[in-house]
Amino acid sequence: MNLRQPGTPAPHDFQANHATARSLLASITPALTVIASLVGLYLLWHVAATVWPSRAFPTPHQVWTVLVKDTVNGELPYNLAITLARVVAAFVLAMAIGSAVGILLGMYRRADRFFNAWVILFLNIPALVIIVLAYIWFGLNEVAAIGAVAVNKIPTVVVTMREGARALDPRFGEMASVYRFSTLDRLRHVLLPQLQPYFAAAARSGIALIWKIVLVVELLGRSNGVGFQIHLYFQLFDVAAILAYTLAFVAVMLLIELLLVQPFERYATRWRRRPA
Amino acid sequence: MQPVGAAAPLRVDIAEKTFRSSEGVSMTALKDLAFEVRRDEFACLVGPSGCGKTTTLRILLGLDTDFTGSFQLPRNEGSRIAAVFQEPILLPWRTVEQNVRLALPKDMRDTDLTPLFDSLGLSQMRSLYPSELSLGLARRVAVARAFAIEPAMLFLDEPFVSLDEQTAERLRYLVLAVWSARPTTALMVTHNVREALMLSDRIILLSARPAHVQGYFDIRIPRESRSPQVMSDLARSFRQKFPGIMRGELGQP
């Protein structure tokens, strides 16, 4: 970008500046579209809530007031942090176990044939059943809560990573064995880069699924976290607070997506973006 | 027990290699295939396409262990083997230099690769990714990787196919230059007799399936004196020794 002080004589010809301006416009158009669409949603909500005033349908401004109030008294940040910690723990657990199992099943066909039925069974158990059973068997504690969320996610990670392991190119493995790559090198430079797209897909759908299940777990058997707060405000019939917590958490998850997931993916696929 | 570093050749003695399809049909690819490549000799395995040349190479590389018979690879310290495959098989997510360095054994990881990259004309490409290279350049990187580890045995599987003739010829000279700088026992699979006559000390001619050795053709003339005139003389005597080979199945002479 070429920002010039006003009044400075432009040494370049006018056309070049024109082209720069046009490419700048083209690069910010997507962002402008998103902003316009969000503003539109806000206006729609505001108008609707003003036309039909109701305690069950607060205006954006009322939600904002609650958001600020709970942020200032520290309740919102505290519960957000608790929930986020549970999301992270369940995510790490599900990705680690799910990837290991999925890769093994993808590599060993006989094991896959045996365990496939288990995978299908676990894929189809409703999340709610797993949560309830976990609380009954292991008590209303943190381990049961995080474990239940992870168990919900593990089968889908297994299925995705199994697909990735099946798609491994045997030629890279042969090259690595001829050149006697160490186990660590093989993992780092041959295996994981090939699995990276599958891992990214599993992680992305994983985050989206896990944070929703974490709220349910908190609602059913925890005494803090966003899910618990929403349950509390549901009993108080305080829709503004429910929306405030929801929006705050959605914002946090979007930030994670934008600041962690996407930059990592860009880094991991940097070799793909420069074609010959 | 052979003393280390002594003239240990590549000895191959494969009794039989049979493929079985899932329908139970079996196909014998190799039968009583026995040959030897002397130490620091560049040998070419020549034969009609589909006769089992690549199968032989896969067995020698240890990628296929389902066969009867035995073989013995040359040894030196490390006893490393290197291969240039038909396709370059570079890791697309690693740069040219990383691809070469990853193949190096731990104690050689810090070797200065500049002379090798220079001699193969790759010095400008070290930080590029394989997707940014042409096939000819990618092959050169595969050659660099093979020579970088200073192997005791080098296998090449048709490393010049699917290149235009000019690029292939240039690559042949590059391979020759790098190999001459540090000769090592080498076995190259090819169906191009002219290429074999240009590069090798010894041509091992295989029969059609099931493959066995049909004959040897030793070339004692040093490579640098193989002028076009000498080459056509060589081709003539090869044709006399193995009539009907140069044309037909083996492709262009």
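These are legends for close-up views of a predicted model.

**View 1**

**View 1. Helices α4 and α6 of chain A, packed at about 140°.**
Here α4(A) covers residues 109–124, α6(A) covers residues 142–166, and their axes are 9 Å apart. Because roughly antiparallel needs an angle over 145 degrees, α4(A) counts as oblique to α6(A). The crossing of the pair is left-handed. On the α4(A) side, look for A:Asp112, A:Asn116, A:Val119, A:Phe122 and A:Leu123. Facing them from α6(A) are A:Val151, A:Pro155, A:Thr156, A:Val158, A:Val159, A:Arg162 and A:Arg166. Sorted by type, the residues of this contact come out as seven nonpolar, two polar and three charged.

**View 2. Helices α8 and α10 of chain A, crossing at roughly 175°.**
Residues 183–221 make up α8(A), residues 239–268 make up α10(A), and the two axes come within 12 Å. With an angle over 145 degrees, α8(A) is therefore roughly antiparallel to α10(A). From α8(A), the contact uses A:Gln196, A:Ala200, A:Arg204, A:Ile207 and A:Trp211. Their partners in α10(A) are A:Phe249, A:Val250, A:Met253, A:Glu257, A:Val261, A:Gln262, A:Glu265 and A:Ala268. The tally for this contact is eight nonpolar, two polar and three charged residues.

**View 3. A:Leu243, a residue of helix α10 in chain A.**
Is A:Leu243 buried, exposed or partly exposed? Its relative accessible area is 27%, so A:Leu243 is partly exposed. Not counting residues up to four places away in sequence, A:Leu243 touches A:Trp45, A:Pro58 and A:Val63.

**View 4. Helix α2 of chain B, mostly covered.**
This helix runs over residues 96–103, and six of its eight residues are buried. Which ones are buried? They are B:Val96, B:Asn99, B:Val100, B:Arg101, B:Leu102 and B:Ala103. The buried residues of α2(B) pack against α8 of chain A, and also against α3 (114–119) and α4 of chain B.

**View 5. B:Gln166, in helix α5 of chain B.**
Helix α5 takes in residues 165–181. B:Gln166 is exposed, with a relative accessible area of 68%. How many residues lie between B:Gln166 and B:Arg101 in sequence, and how far apart are they in space? They are 65 residues apart in sequence and 29 Å apart in space, taken C-alpha to C-alpha.

**View 6. B:Asp32 and its positive phi.**
B:Asp32 belongs to strand β2 of chain B, residues 26–37. Phi for B:Asp32 is near 50°, a positive value in a residue other than glycine. B:Asp32 counts as exposed because its relative accessibility is 53%.

**View 7. B:Asp40, in the loop between β2 and β3 of chain B.**
Strand β3 takes up residues 42–46. Phi of B:Asp40 is near 60°, again positive in a residue other than glycine. A relative accessibility of 32% makes B:Asp40 partly exposed.

**View 8. B:Thr55, in helix α1 of chain B.**
The helix spans residues 53–60. Is B:Thr55 buried or exposed? At 15% relative accessibility, B:Thr55 counts as buried, since the cut-off is under 20%. Leaving aside residues up to four places away in sequence, B:Thr55 touches B:Lys17, B:Phe19 and B:Leu30.

Conventions. Residues numbered from 1 in each chain as written. Chains lettered and ligands numbered in written order. Predicted model: local features only at pLDDT ≥ 70, side-chain atom pairs only at ≥ 80, totals over all residues. Heavy atoms only, no water. Axes fitted to C-alpha atoms, helices over the stretch in contact; angles between N-to-C directions. Helix = DSSP H or I, 4+ residues; strand = E, 2+ residues; numbered from the N terminus. Parallel < 35°, antiparallel > 145°, perpendicular 65-115°, else oblique. Left-handed = near helix turned anticlockwise from the far one by under 90°. Contact = heavy atoms within 4.5 Å. Nonpolar A, V, L, I, M, F, W, Y, C, P; charged D, E, K, R; others polar. Buried < 20%, exposed > 50% of the residue type's maximum accessible area, 1.4 Å probe, protein only.
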